[in-house]
Amino acid sequence: MNLSRREFAKIGCRIVIGATAGTAMIESIATNGIAAENSPKGDYNWKEHYWGYLIDTRKCIGCGRCANACKLENNVPFDEPVYRTWVERYRIVNKGREENVTIDSPNGGINGFTDDIPAEQIKKAFYVPKICNHCENPPCVQVCPVGATYSTEDGVVLVDYNYCIGCRYCIQGCPYGARYFNTEKGTADKCTWCYHRITKGLQPACVEACPVGARVFGDLKDPESPVNKILDKERINVLKPDLGTKPKVYYVGLDREVR
Amino acid sequence: MQPHLKRAFTLLAIAIIGFIAVRALIVPDSFGQNGWYRGDSVFELRNFPVKHAEPVSCGEEDCHKTIYSIWSSAGHKTVNCETCHGPSQEHVNNVRIMPPPANDSRDFCGLCHFKRAARPSGFPQIDPETHGENLKCAYCHNPHKPWFV
Amino acid sequence: MESLIWGYIYPNEAEIQWSILIVLYPYITGLVAGAFIASSLYHVFGKKEIKPVARFALLTALSFLLVATLPLVTHLGHPERGIEIMFTPHLTSAMSGFGYIYSFYLIVVVLEIWLSFREDIVKMALNSRGWKELLYSGLALFSYDISEKALHDDEKFAKKLAIIGIPSAAFLHGYVGFIFGGIKANPWWSTPLMPLIFLMSAIVSGIALLILLYLASMKLRKHAIDHKCLHSLAHYLWIFLILDVTLELLEVISMKYESLEEIEIINRLLSDKIATTFYGVQLGLGIFVPFVLLLLVGIMKNRETLKMIMISISSVLVVIGVFAMRWNVVIGGQEISKSLSGTLTYVPVFFSQEGVLPAIIILVIPFIILFVITRILPPWKDMEEKV
């Protein structure tokens with residue numbers, strides 16, 4: 001009986017190993033064929049770029065044209081509370097020794113902001129545009145159970161709408177609230193830094209729309225890129241640096257109240 | 001090993017082999033070619049249609065050369081054509097498709113220029129209550145070449 | 001809608017992403033893990049007094065295990081793509097292990113049940129005719145060896161299996177805790193204690209459910225209750241309650257004591273959003289009251305009926321309390337904004353894909369399955385001999 005058990009185990013192992021190896025071989029042949037066919041087309045080579053984004057909060061005027069252009073460019077529904085980029089307003093009011101911070105972002109800032117706190121009560125006020133940070137160490141990619149979201153070689157975090165199962169774990173995993181659930185597609189969705197534009201040499205729609213140059217986009221691998229020019233001379237911060245996500249959206253003039 | 005256990009494990013082995021075979025058939029071919037994702041999805045996302053053309057597309061042909069040169073040398077040169085006129089790639093591809101007319105309401109200009117506490121103080125802002133008698137801004141200010149009255 | 005929001009939440013957070021179905025999922029897997037561990041008290045640790053419910057506990061575990069995937073799949077944006085979690089599991093994700101851990105555990109439970117019922121199955125196959133004969137012969141895999149030696153070998157193998165089963169039950173549920181505990185974005189979830197808390201509350205809820213189902217089936221079958229077995233289960237319930245409450249309080253106390261950046265929003269969550277369900281239901285009704293009642297049961301002598309009533313009340317409270325615990329974790333964690341400066345409120349919908357109705361349906365199915373399975377494989381044989 002001992003012998004037969006051992007034999008059985010042997011045969012079983014052989015079958016499993018054989019089948020695995022066989023399918024793996026077939027797969028590797030198939031994928032290699034496809035890989036050659038699909039190697040980056042056109043003049044865009046993602047190995048030559050590594051994209052970065054910079055926001056100068058001191059320049060932002062809160063017009064919300066970025067959030068508006070983003071929805072138009074990327075077919076983000078206007079009638080749902082979902083945003084790939086939005087503008088926050090921070091107003092700090094003195095109340096005796098205590099500070100009172102009011103934060104808001106009505107409709108992501110798309111319709112602009114109206115003053116509902118008298119200006120004389122406000123000690124300090126400013127706008128902060130937010131967008132997906134395309135982290136170098138993205139928690140959303142880490143938690144995706146099926147590999148439907150990923151970091152590209154050129155440093156962009158993308159969602160595969162034809163593979164996402166819609167479990168929304170990534171939405172929970174993102175510390176910045178940058179992801180939303182696309183009810184039409186039934187998948188997670190987020191900013192792509194307009195991947196369809198930047199791979200054609202265009203700027204992201206939000207950067208294009210910003211009238212004051214508060215949003216800057218460029219190639220971190222190119223020392224002459226506008227982002228690198230500012231990174232070289234300004235003092236930079238990122239959002240929630242303690243979480244170790246290593247964001248690639250850099251901020252100039254970030255207040256401690258901004259999270 | 002007892003015969004009934006042998007049978008049970010054979011069933012299990014068949015199920016596992018069946019699973020491996022089905023998996024091999026169903027997993028997309030491009031999966032894993034660049035990382036733990038479907039390689040083709042990168043191309044699908046790159047092929048998403050562009051909607052905002054850049055201002056050069058408006059001025060590089062003869063189409064809107066005059067207004068382009070006025071705009072590009074004036075104070076609003078940082079405000080791109082499509083920020084007011086809307087996404088125009090379709091219009092660039094086919095001039096018969098007209099983008100909607102630019103929004104010339106006071107509120108639209110006010111998105112940038114109404115007085116707001118949170119705006120950088122140096123930025124030109126007006127009080128909509130007292131400024132311009134509720135006239136449309138373009139009545140006094142040329143949006144392509146703004147000046148201070 | 002606006003009034004449900006306090007302070008500032010990120011604009012994309014207006015919708016609660018994980019609804020009541022995701023509350024149900026850890027609840028159901030918890031019941032599975034708990035019931036299995038209760039059965040292994042007999043199978044592995046040889047606690048003879050548990051024997052009357054050991055096989056019933058296995059069937060309970062299977063009934064709930066079979067529906068454990070339902071709330072998850074129903075909640076997916078693309079249920080048809082759900083199998084990708086097994087085809088291309090992204091191993092850095094805590095969730096990716098689900099398919100394999102679940103399947104492995106299912107195999108262990110099915111084998112365990114098959115081995116402990118095999119003698120009955122074979123006897124039924126040999127003593128019945130027609131479709132019944134076919135059914136039981138099929139279940140016996142057309143192999144009818146029930147000699148003493150064969151049964152003895154089966155038992156040895158079943159014990160080995162149960163030894164694998166305990167860590168995999170613990171893993172199945174502990175890892176559900178890690179799905180939440182590993183999310184650094186959410187201060188209410190992110191704690192290494194989460195897997196342990198989930199595991200302890202799983203065992204607690206599983207034993208409590210087992211007690212209730214045992215009492216109910218005995219009532220239905222008009223059989224005498226084995227008080228020794230009942231008290232033993234109540235005893236284990238009490239011990240695991242202590243472990244559970246220690247961990248749950250440790251989590252909250254250390255959060256409050258360390259008072260990190262997120263403490264203000266956590267305080268607001270505890271004092272406002274989930275105050276009733278946390279202090280009232282989860283800790284008060286779900287742990288404190290059963291703790292006292294079970295303590296009394298342990299001290300009291302005789303008065304079996306009163307003890308039985310107290311044990312039943314405790315078990316009902318524990319089962320409700322653990323549901324509140326899942327609710328407080330899953331929904332509570334989403335009611336605070338990751339901006340740490342606002343909260344929102346989850347309003348359950350009744351009729352929708354992720355509503356209360358599907359949740360109720362999913363929660364009823366395991367009882368139907370259990371009813372059917374106990375008809376096919378009656379787990380009470382041992383007892384009938386005794387009575």
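Reply: Start with contacts: two residues are in contact if their C-beta atoms, placed from the backbone, lie within 7 Å. Not counting residues up to four places away in sequence, Ile20(C) touches Pro348(C), Glu354(C), Val356(C) and Ala359(C). This is a predicted model, in which local features need pLDDT of at least 70, side-chain atom pairs count only at pLDDT 80 or more, and totals for chains, interfaces and linings use all residues. Residues are numbered from 1 along each chain as its sequence is written, while chains are lettered from A and ligands numbered from 1 in the order in which they are written.

Me: In which helix is the place of Ile20(C)?

Reply: Helices (H or I, at least four residues) and strands (E, at least two) are DSSP runs, numbered from the N terminus. Ile20(C) belongs to helix α1 of chain C, residues 20-43. Chain C has 14 helices and two strands in total.

Me: Is Ile20(C) buried or exposed?

Reply: A residue is buried if 20 or more other C-beta atoms lie within 10 Å of its own, exposed if 12 or fewer, and partly exposed in between. Ile20(C) is buried because 24 other C-beta atoms lie within 10 Å. In chain C, 49% of the 387 residues count as buried.

Me: Which residues touch the most other members of the largest nonpolar core?

Reply: A nonpolar core is a set of buried Ala, Val, Leu, Ile, Met, Phe, Trp, Tyr and Cys residues joined through C-beta atoms within 7 Å. The largest one holds 193 residues, and those touching the most other members include Val32(C), Ala61(C) and Leu233(C). Helix α1(C) gives the largest share of this core, 17 residues. Leaving aside neighbours within four places in sequence, Leu233(C) is in contact with Ile50(C), Ile207(C), Leu210(C) and Ile211(C).

Me: What radius of gyration does chain C have?

Reply: The radius of gyration is taken over C-alpha atoms, and the globule rule is 2.2 Å times the number of residues to the power 0.38. For 387 residues the rule gives a value near 21 Å for a compact globule, and the 22 Å of chain C agrees. The C-alpha trace of chain C spans about 70 × 55 × 35 Å along its principal axes.

Me: How many residues of chain A are in contact with chain B?

Reply: On chain A there are 58 residues in contact with 44 residues of chain B. The largest share of the chain A side, 16 residues, comes from α1(A). For classes, Ala, Val, Leu, Ile, Met, Phe, Trp, Tyr, Cys and Pro count as nonpolar, Asp, Glu, Lys and Arg as charged, and the others, Gly among them, as polar. The side of chain A that touches chain B has 29 nonpolar, 16 polar and 13 charged residues. Between chains B and C, the contact takes 11 residues from chain B and 10 residues from chain C.

Me: What is the order of the strands in the open sheet of chain A?

Reply: Strands of a sheet pair through backbone hydrogen bonds, either parallel or antiparallel. Two strands pair if DSSP finds at least two bridges between them. The open sheet of three strands in chain A has the order β3-β2-β4, with antiparallel pairing. Its edge strands, β3 (98-104) and β4 of chain A, each pair on one side only. Nine bridges join β2(A) to β4(A), and Arg91(A) has Ala125(A) in β4(A) as its bridge partner.
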